[in-house]
2 protein chains.
Amino acid sequence: MNIAVDAMGGDFAPQNIVAGVAEALRQNGPIARLYLVGNRDRVQAELRRHGPVDPRIEIVHASEVIAMHDPPVQSVRRKKDSSLTRAIDLVKRGEADAVVSAGNTGALLTAAHLKLRTLEGVDRPGLAVVMPSPRNMFVLMDAGANLEPHAINLVQYGIMASLYAQQILRCAKPRVALFSIGTEEMKGNELTLEAHRLLKQTQLNFVGNIDGHDLFADMADVVIADAFVGNAVLKACESTMRVAAGWLKEELRRNPLRLLGMLLAQGAFKALKRKADPDEYGGAVLLGINGICIKAHGASSPKAVKNALRVAAEFVEGQFNEHIVEEIKKFHAQIQQSPIAQPPLSATA
Amino acid sequence: MNIAVDAMGGDFAPQNIVAGVAEALRQNGPIARLYLVGNRDRVQAELRRHGPVDPRIEIVHASEVIAMHDPPVQSVRRKKDSSLTRAIDLVKRGEADAVVSAGNTGALLTAAHLKLRTLEGVDRPGLAVVMPSPRNMFVLMDAGANLEPHAINLVQYGIMASLYAQQILRCAKPRVALFSIGTEEMKGNELTLEAHRLLKQTQLNFVGNIDGHDLFADMADVVIADAFVGNAVLKACESTMRVAAGWLKEELRRNPLRLLGMLLAQGAFKALKRKADPDEYGGAVLLGINGICIKAHGASSPKAVKNALRVAAEFVEGQFNEHIVEEIKKFHAQIQQSPIAQPPLSATA
């Protein structure tokens with residue numbers, strides 16, 4: 001398979017991107033060709049730092065860069081020769097099977113949506129992320145793509161994320177939950193109440209609402225949320241981990257006894273850090289797009305880039321998008337047959 | 001001052017409620033009379049366990065209890081003699097200056113809104129909670145009251161929560177931020193974009209958007225969010241702390257060396273636990289209601305109840321609601337004068 005990588009996207013680009021690519025290729029996975037898209041000179045300079053250049057790498061020059069805080073829609077329109085849009089063009093032309101970028105999330109969403117379009121039957125794409133749970137992992141979707149969703153979008157996210165949990169995380173019968181402000185069915189806002197009603201009609205293993213308190217209680221393998229809430233929750237969890245680690249470190253350094261304790265127990269701290277490290281989870285996946293798009297986070301380390309490439313390869317190998325189209329088709333056929341979901345009879349009937 | 005306490009509300013009522021009340025009164029604060037509202041026999045039995053009954057306590061019998069998962073609106077309507085509604089009645093009749101309940105949040109919101117009404121100039125009440133930040137604390141509002149807010153509601157929350165930070169948390173010039181999915185002004189959904197525009201026109205010390213990543217970065221003393229997002233973030237942070245502590249404990253117990261380290265450093269763990277303990281922060285405050293309403297969390301310990309009583313007393317002493325009315329009045333006068341906020345000129349003008 002061929003993968004296109006936006007070499008210039010991210011807080012530490014191109015260095016971390018190129019380093020991650022080099023690491024991934026050393027592991028000899030299924031990648032036949034890896035397009036590094038970006039400023040040729042800068043990418044070449046970075047590549048040289050990692051020894052002989054792997055023959056699978058091909059640099060595709062792009063003269064522009066969409067910065068992390070550029071306005072998404074305008075920058076995609078204006079910077080026609082940006083590394084991000086050029087990388088997506090490779091997927092559009094069928095030269096690459098997937099694209100990986102650690103750049104501007106909004107620009108990636110915009111360009112992917114605009115150039116690749118959505119999959120047949122999918123109304124709006126959404127961003128799926130993997131989060132750790134006590135026993136395993138769960139998929140949170142949408143983590144920030146579709147800011148004014150309708151209930152039907154959330155249902156489609158449930159279908160796509162359930163397939164993610166099943167196919168990529170190897171979860172046999174994913175439990176799908178709807179994020180709300182309480183577990184009771186009647187709790188929520190207009191959007192979640194309607195989504196709840198629709199989700200009950202699907203073939204999904206829908207387990208009802210969960211709220212923030214249950215997030216890590218191993219009650220669901222898929223958590224559906226609207227983009228604003230998903231983004232808020234994801235980031236709030238990350239900053240809570242960070243601030244708690246900071247506070248603990250401060251407290252541990254307050255006296256020599258505690259410091260000694262910290263040294264003796266440092267294996268435990270490292271294990272926890274690994275468990276909570278977003279770099280381990282390979283980035284977010286933009287699902288519902290006619291093409292595999294992986295968004296590594298902005299501050300991606302080489303390890304994060306390597307893991308994003310691993311995830312991209314898994315999606316390509318599993319023919320993931322073909323399965324989404326099938327599942328969405330089944331869902332639409334089923335709700336057409338279901339008497340509950342039919343529009344109410346008109347007054348003249 | 002007189003305080004009414006819902007003795008039967010909460011997961012551990014009446015025992016923890018009565019214990020918290022007994023503890024609070026032992027500290028000899030400003031409370032002249034404390035109404036314990038609930039089943040007389042059960043409250044009396046609990047009281048007996050704490051030695052001679054404080055003469056400031058008066059039991060007000062209520063024959064019914066609104067359970068934690070009762071549907072809010074219906075239960076307030078049907079259970080006319082519930083401890084929760086009877087406690088609010090005491091505030092309504094002017095016999096109590098504030099009400100404290102650890103019971104059903106939705107029922108408390110409903111009953112308070114219905115019986116006490118909103119303060120002059122306030123359109124919708126909201127729930128304010130205090131969260132720890134690296135240097136101090138910040139106020140998050142709305143944490144779950146108003147599920148379909150308009151932008152003007154969020155602005156009023158900013159005004160009320162800013163007053164909270166100033167008057168109760170002793171923050172001289174509170175920095176007010178709007179919770180969104182990114183710090184840039186153009187990031188957000190329709191609601192936050194409009195709220196952002198309005199907040200810029202207020203006299204508040206508005207510092208712009210923050211997102212989940214900045215939550216504990218000491219960038220704001222007040223964080224405004226809609227109820228769904230505020231509730232999601234609050235609970236997600238709490239469960240992240242809980243799950244991280246659980247994982248760390250598990251890792252620390254994996255071998256004797258780590259266990260020894262944990263013992264040596266236990267002071268640090270305890271300090272962190274205290275910092276993150278919601279019981280320390282005295283519960284949520286329902287702001288915008290014509291009466292002081294404190295919502296202690298459902299699983300409140302006696303300490304949490306005691307701290308909720310302390311917060312209630314602070315709000316009463318500070319004549320907090322009178323200040324809200326003044327500030328809201330100033331805001332409305334100011335936006336009427338401001339040319340930006342006036343409706344656009346009509347075509348015929």
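In chain A, helix 6 and helix 7 meet through two sets of residues: A:Ala151, A:Ile152, A:Leu154, A:Val155 and A:Gly158 in helix 6 touch A:Leu191, A:Glu194, A:Ala195, A:Leu198 and A:Leu199 in helix 7. Here, residues are in contact if their C-beta atoms, placed from the backbone, lie within 7 Å. Helices (H or I, at least four residues) and strands (E, at least two) are DSSP runs, numbered from the N terminus.

This is a predicted model, in which local features need pLDDT of at least 70 and side-chain atom pairs count only at pLDDT 80 or more, while totals for chains, interfaces and linings use all residues. Residues are numbered from 1 along each chain as its sequence is written, and chains are lettered from A and ligands numbered from 1 in the order in which they are written.

**The helix pair in chain A**

- The contact of helix 6 with helix 7 has eight nonpolar, one polar and one charged residues (Ala, Val, Leu, Ile, Met, Phe, Trp, Tyr, Cys and Pro count as nonpolar, Asp, Glu, Lys and Arg as charged, and the others, Gly among them, as polar).
- The axes of helix 6 (residues 151–167) and helix 7 (residues 190–199) come within 8 Å and cross at roughly 50°; axes are lines fitted to C-alpha atoms, for helices over the stretch in contact, and angles run from 0 to 180 degrees between N-to-C directions.
- The two helices are therefore oblique to each other (under 35 degrees is roughly parallel, over 145 roughly antiparallel, 65 to 115 roughly perpendicular and the rest oblique).

**The sheet in chain A**

- Eleven strands form an open sheet with mixed pairing, in the order 3-2-1-4-11-10-5-6-9-7-8; two strands pair if DSSP finds at least two bridges between them.
- Strand 3 (57–61) and strand 8 (205–210) stand at the edges with a single partner strand each, so one side of each has no neighbour in the sheet.
- From one strand to the next, the twist averages 25°.
- Strand 1 (residues 2–6) and strand 2 (residues 33–38) pair in the parallel sense over five bridges, and A:Asp6 stands opposite A:Val37 in strand 2.

**Helices on the sheet**

- Helix 6 of chain A packs on the sheet, touching several strands including strand 5 (126–132) and strand 9 (222–224), and its direction makes about 160° with that of strand 9.
- Helix 7 of chain A lies across strand 7 and strand 8, running at about 160° to strand 7.

**Where the chains meet**

- 50 residues of chain B are in contact with 51 residues of chain A.
- Helix 8 of chain B gives the largest share of the side of chain B that touches chain A, 19 residues.
- That side of chain B has 30 nonpolar, ten polar and ten charged residues.
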